[in-house]
Amino acid sequence: MPLIAITGTPGTGKTAAAAELRRRGYEVADLSRHIGDHGLKGEFDASRDTFAVDVEALKASFGRAGAGDGTVFVEGHLSHHLDCDAAIVLRCHPERLAARLRSRGYAEGKVRENVQAEVLDVILCEAAGSGMRVHELDSTDTPADAIAGMIIDIVNGDEALHGPGSTDWSGEMDRWF
Ligand SMILES: Nc1ncnc2c1ncn2[C@@H]1O[C@H](COP(=O)(O)OP(=O)(O)OP(=O)(O)O)[C@@H](O)[C@H]1O
Ligand SMILES: [Mg+2]
């Protein structure tokens with residue numbers, strides 16, 4: 001069964017989309033939980049307010065078997081590093097992403113770092129560089145249930161749907177750098 005990564009900058013809506021997919025009967029592995037359960041959290045990086053994760057150890061630990069029988073999706077901002085058949089990269093307009101992250105209580109430095117990564121297409125480029133099929137969905141004005149519907153369309157329907165290159169936050173560069 002194909003394994004599909006649902007990835008994107010923190011706050012782009014991976015967990016919200018995953019909840020909708022589960023509601024519709026799909027199994028979605030939670031990569032953050034896997035990292036916690038398998039002791040894969042490395043050193044705490046105080047300057048970035050985040051834990052380091054050894055991606056090679058994560059790949060070895062998750063493998064394809066980590067998803068279990070019948071699981072089609074794995075969600076998390078590192079999921080595109082796994083041995084997946086395709087990556088669905090969720091996107092969000094920088095201003096809206098900043099608002100989502102602030103409402104989580106993130107410090108301004110952490111908001112900025114994540115928004116900069118979004119503006120620079122960091123995860124999209126990482127996923128594309130891995131050679132797997134890549135899709136891109138913008139959650140800025142599309143609720144999580146509709147995002148889940150688009151994900152199902154990709155998986156059940158047309159692999160050419162929602163190809164990469166549809167978002168462009170370059171007009172936001174001056175504001176965030
Ligand atoms: N499609 C959407 N439209 C509007 N708001 C959304 C959408 N998806 C998620 N949100 C809201 O944005 C916030 C972040 O969403 P979520 O937790 O799903 O992000 P995430 O990508 O899983 O982040 P992380 O990588 O940190 O786990 C939440 O407050 C959520 O309610
Ligand atoms: Mg999440």
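The model used in both exercises is predicted.

**Exercise 1.** Classify the packing of helix 1 against helix 7, and state which residues of the two helices meet.

Solution. 

Step 1. Helix 1 covers residues 14–23 and helix 7 covers residues 144–156; their axes lie 8 Å apart, and the packing angle is about 70°.

Step 2. Angles of 65 to 115 degrees count as roughly perpendicular, and helix 1 and helix 7 are therefore roughly perpendicular to each other.

Step 3. The handedness of the crossing between helix 1 and helix 7 is right-handed.

Step 4. From helix 1, the residues that take part are Ala 16, Ala 17, Glu 20 and Leu 21; they meet Ala 144, Asp 145, Ile 147, Ala 148 and Ile 151 of helix 7.

Step 5. By class, the residues in this contact of helix 1 with helix 7 comprise 7 nonpolar and 2 charged, with no polar ones.

**Exercise 2.** Classify the packing of helix 4 against helix 5, and sort the contact residues by class.

Solution. 

Step 1. The axes of helix 4 (residues 94–103) and helix 5 (residues 108–119) come within 10 Å, with a crossing angle of roughly 150°.

Step 2. Over 145 degrees, an angle counts as roughly antiparallel; helix 4 and helix 5 are therefore roughly antiparallel to each other.

Step 3. Helix 4 and helix 5 cross in a right-handed sense.

Step 4. Helix 4 contributes Pro 94, Leu 97, Ala 98, Leu 101 and Arg 102 to the contact, and helix 5 contributes Val 111, Asn 114, Val 115, Glu 118 and Val 119.

Step 5. Sorted by class, the residues of the contact of helix 4 with helix 5 give 7 nonpolar, 1 polar and 2 charged.

Terms used: Residues are numbered from 1 along each chain as its sequence is written. Chains are lettered from A and ligands numbered from 1 in the order in which they are written. This is a predicted model: local features need pLDDT of at least 70, side-chain atom pairs count only at pLDDT 80 or more; totals for chains, interfaces and linings use all residues. Axes are lines fitted to C-alpha atoms, for helices over the stretch in contact, and angles run from 0 to 180 degrees between N-to-C directions. Helices (H or I, at least four residues) and strands (E, at least two) are DSSP runs, numbered from the N terminus. Angles under 35 degrees count as roughly parallel, over 145 as roughly antiparallel, 65 to 115 as roughly perpendicular and the rest as oblique. A crossing is left-handed if the near helix is turned anticlockwise from the far one by less than a right angle, and right-handed if clockwise. Two residues are in contact if their C-beta atoms, placed from the backbone, lie within 7 Å. Ala, Val, Leu, Ile, Met, Phe, Trp, Tyr, Cys and Pro count as nonpolar, Asp, Glu, Lys and Arg as charged, and the others, Gly among them, as polar.
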